2 protein chains.
Amino acid sequence: MINFQTAPNRYQHWRLEISGPVATLSMDVQEDRTLADGYKLKLNSYDLGVDIELADAIQRLRFQHPEVAAVVITSLKPRIFCAGANIYMLGSSSHAFKVNFCKFTNETRCAIEDDSKHSGRRYIAALNGTASGGGYELAIACDEIYLVDDGNSAVSLPEVPLLGVLPGTGGLTRLVDKRKVRRDRADVFSTLAEGLKGKRAKEWRLIDGYFPTSKFQEGIDTRVEQVVAAQSRRGSGIKLNPLQIQTTDDSRNYRYIRLQLNREQRYADLTVLGPEGTQPATVAEIEELGDAYWPLQAYRELDDALLHLRVNEPEIGLVCLRTEGSIESVLAVDKVLATNRDHWLVREIILHMARVLRRLDLTAKSFFAIVEPKACFAGNLLELLLAADRSYMLMDSASSIAVSELNAGAFPMSNGLTRLQSRFLAEPDKVDEIFGDKNVFDTEEAEELGLITFAPDDLDWEDEIRVAIEERTSLSPDALTGMEASLRFAGPETLDTKIYGRLTAWQNWIFQRPNAVGPEGALTNYGKPTQAHFDYKRT
Amino acid sequence: MINFQTAPNRYQHWRLEISGPVATLSMDVQEDRTLADGYKLKLNSYDLGVDIELADAIQRLRFQHPEVAAVVITSLKPRIFCAGANIYMLGSSSHAFKVNFCKFTNETRCAIEDDSKHSGRRYIAALNGTASGGGYELAIACDEIYLVDDGNSAVSLPEVPLLGVLPGTGGLTRLVDKRKVRRDRADVFSTLAEGLKGKRAKEWRLIDGYFPTSKFQEGIDTRVEQVVAAQSRRGSGIKLNPLQIQTTDDSRNYRYIRLQLNREQRYADLTVLGPEGTQPATVAEIEELGDAYWPLQAYRELDDALLHLRVNEPEIGLVCLRTEGSIESVLAVDKVLATNRDHWLVREIILHMARVLRRLDLTAKSFFAIVEPKACFAGNLLELLLAADRSYMLMDSASSIAVSELNAGAFPMSNGLTRLQSRFLAEPDKVDEIFGDKNVFDTEEAEELGLITFAPDDLDWEDEIRVAIEERTSLSPDALTGMEASLRFAGPETLDTKIYGRLTAWQNWIFQRPNAVGPEGALTNYGKPTQAHFDYKRT
């Protein structure tokens, strides 16, 4: 079982140093500390274990170190920044694991960009050696890239020429869409195994600058000073403590999340418990409560549960999202969050909730929201219902759902729209109507407003849900993944949706192709004495 | 070998009737007239042969029948409109053929929308019976959909529940992005094998209206009358004659296109010959010349050559685009086209050129543009160079390329941008610079402006091109397809790019998965006494 929780004092592959407003995140991968057997993590190559630490570090910077204005990502290995995802790990992994590994690493890189965009922290990739493949893809997720000019170090995306797969961790998309590299140059660069060095790399917009070895540290320091001087950040952070999880064979329970696995029927019930008891009313109270504050703890737990389901429970095809608690309490929390959203901690809590909800949107499982009288699909928890592929709400006067002002923009999807906007593309006026005088809706009203899919009555309720679950879990899991990836993201496309849609879908296709993963495929034969042989038919 | 040329008097599966401003295109698939053995085209299901006729009909309407304002697409079979792509054909086709088949049918449906959007012809799907799968996907490519309400006929997308594949001919994308069906309803509809009938289908935005059997024809006629009354169209069309093609074992030569196949090295030289002799200067002269007019004939030939390369020459991985002729002559043609672009025929010619260029963008082969002194990459032919994955221009004072005003918007890519805009996303000012006083550029100027990738001199020229060809054709064809699909379409996404990017990529992935095409897969076992069995792991 893969565990997604870690902390800096347990990191094996990264060193996180904070010096006032500057954090330095140094990669120093221990080649024997792998997540599975059969490969060594040479040359700062990575497996999922390395990326779980990176994701944790970025998350902690946001909550524990609000004073940090610049994050330098560099390497402790001489002459090598990072060689990317470990090829032997990829070559020996199942298709499903490869896909989930890439999705998580993509989310980590998007989290870097989310921090930069929304929290203003500037990420500087200090390439003190070659950055190849996923190594360059990590750099390109940063705001600025500087490369040592030592006559040897280069940036490269050698996946196509060497491995017969794509730079699929956002590489191709970020080349042309983020750094806006001319497409013919991107074509040349992506087929050039050895990559490009200083001058040409800069000319082609692949890096932002280069320094000779003797001036490299000075060059980075100078740039970091400029970044830091332009920002003033304060505050002391809060600590993110380990999550407490009780597990049995078929359940995984957190403080606010209950996950019940119905393995025979291939579905899970995931219940989010609403806030209980007195909740903080001021920023000071929130800071004091820290990571025990409901919206932070519940969503950290939800995030862990989603990752667990993805990687450790592949046969669970459907997740029934349920909530339990008081609608008023959830709305009260939203009110406090909305009122104080300019405070750094509240902003980080809201942004974290948004990232977890996007993780849900991008999870390759079906989601049904189930609304019963005890439920509290209100405000931030209403997003779960809106993120679900469909929803069932009991036609009963005791059931209700509610909106809060956080539904109006605090939790954008990857496509840049709110989930309400995505839902009502055809009738944008509906969104205004929903934010009218009334904010709590019973089943009839919810149905009338188009907020729910089905509203069976008491007599049909159990049968209808049971049949829906049975039907859903009987369908081809692959067809459902492709279908959900197409239907969930209507409307505009962004860098993120292009990465998760277009690029990932092509990569997954290639990850199935004999030219990559067959006995004569390039990925299979990399580093072996045997040679790859291709079926040259173009498809 | 599959032949993409046909004409109404040779149609086997469609009847095209023109009555003044109304065209009726009736599907009546002959079940034994298949393109390959091993399946029967029952219930108006289709194979590539059926779609080649549909594409031809739409093309001919545009050139031969400018007077037509409304096109009714219907069926001559009782109680069935169209059952979609033939499942036994799909089940027995190679992966590469399935992918190319879907791409062509997608292009045909986009051509319907292109006609509607740019030429104002209104397409009305008159569903006199059930439209399932590709049948509904054909309907949803039309502007309006009317369904007979006979208690039985439905619209449906049963691919996911019955076949374990996607409605990949634009179906899923058009549901949520074109018709803006609510995503939870789209989810339900796409998993409901039997589909939805009249009232509910309309409520869910799947159709625009429904009529009882006895009133169906009247309902359609009334709507057609309204459409026709709102438009006034005139003019008599020009005839599209069959293309004359000389073929040998390793060549395929048209009047203006020379295709030389270097099969051993897996690349082709595709040379476009520029206009020769006196060209029409007025619309009257263009109409008189008809389909022999260079921009129409050359691009019809180019279109045929591209389709031939895709389907009949799968092992050709690289196409070297070359041109021969006079830059001044090409620019003179562009001038006449630009001056007269409001005339229906000139508009259709330009729109056709744009579609052929988009067909090139979407072709899963690498393209290199090779510019030598005799070349005429000017104006419309410069688009070939800009569409190429990279370009090589001889550093020589006799070589030049040129822009015309048609490069500024007449030939949009699927992403809605011009190829120059897509190229210079990072430096939009460059586009203005290129449309400055000077419009012909020698190699040095072209390089300086960023219009070309490489400019080897005489000494290096042959070696550099030879090595580039060898390197390109040695790479994994699958990785190249995914790479090119990612790099060619930087910038915004549209309905079209979502269909060819996201949806197609997922479908291609699914078309490789054992759950669809393995011995126990749903596509393989459809209609057989054996049952599909899934590996339920979610990926």
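**Entry: the contact between the chains**

I began with a rule: two residues are in contact when heavy atoms lie within 4.5 Å. By that rule, chain A brings 86 residues to the contact and chain B brings 86 residues.

Before going on, I noted the ground rules. This is a predicted model, where local features need pLDDT of at least 70 and side-chain atom pairs count only at pLDDT 80 or more, while totals for chains, interfaces and linings use all residues. Residues are numbered from 1 along each chain as its sequence is written, chains are lettered from A and ligands numbered from 1 in the order in which they are written, and side-chain values use heavy atoms, with hydrogens and water left out.

Next I looked up the buried area, meaning the accessible area (1.4 Å probe) that two parts lose on being put together, summed over both. Between chain A and chain B it is about 8400 Å², and carbon and sulfur atoms give 58% of that.

**Entry: charges and polar pairs across the contact**

I counted salt bridges as a side-chain nitrogen of Lys or Arg within 4 Å of a carboxyl oxygen of Asp or Glu. There are 16 salt bridges between chain A and chain B, and the count over all chains comes to 89.

I picked out A:D187 and B:R390, a salt bridge whose closest N and O atoms are 2.9 Å apart. A:D187 sits in helix α7 (residues 183-189) of chain A and B:R390 in strand β18 (residues 390-393) of chain B, so this pair joins two chains. For the element names, helices (H or I, at least four residues) and strands (E, at least two) are DSSP runs, numbered from the N terminus.

Another one I wrote down is A:E493 with B:R502, where the closest N and O atoms of the salt bridge are 3.1 Å apart.

For polar contacts I used N or O atoms within 3.5 Å; within protein, one must be able to donate a hydrogen and the other to accept it, and residues adjacent in sequence count only if both atoms are side-chain atoms. Between chain A and chain B, 55 residue pairs are in polar contact, both residues at pLDDT 80 or more.

**Entry: cavities**

On a 1 Å grid over the protein atoms alone, a cavity is a set of points where a 1.4 Å probe fits but cannot get out, and a pocket is an open set with protein on both sides within 12 Å along at least five of seven lines; lining residues have an atom within 4 Å of a point. Grid points are joined across faces, edges and corners, and a volume is the space filled by probe spheres set on the points.

How many cavities of 30 Å³ or more does the whole structure hold? The search finds 9. Of its 22 lining residues, A:K103, A:L362, A:A485, A:Y500 and B:W506 are the closest to its centre. The largest share of that lining, 5 residues, comes from α20(A).

The second largest cavity has a volume of about 200 Å³. Its lining counts 18 residues, with A:W506, B:K103, B:L362, B:A485 and B:Y500 nearest the centre. Here α20(B) gives the largest share, 4 residues.

**Entry: pockets**

The largest pocket has a volume of about 910 Å³. It is lined by 38 residues, and B:E107, B:C110, B:A111, B:D114 and B:R355 lie nearest its centre. α3(B) gives the most to this lining, with 9 residues.

The second largest pocket has a volume of about 740 Å³. Its lining has 38 residues, with A:A55, A:D56, A:Q59, A:D303 and A:R359 nearest the centre. α1(A) gives the most there, with 7 residues.
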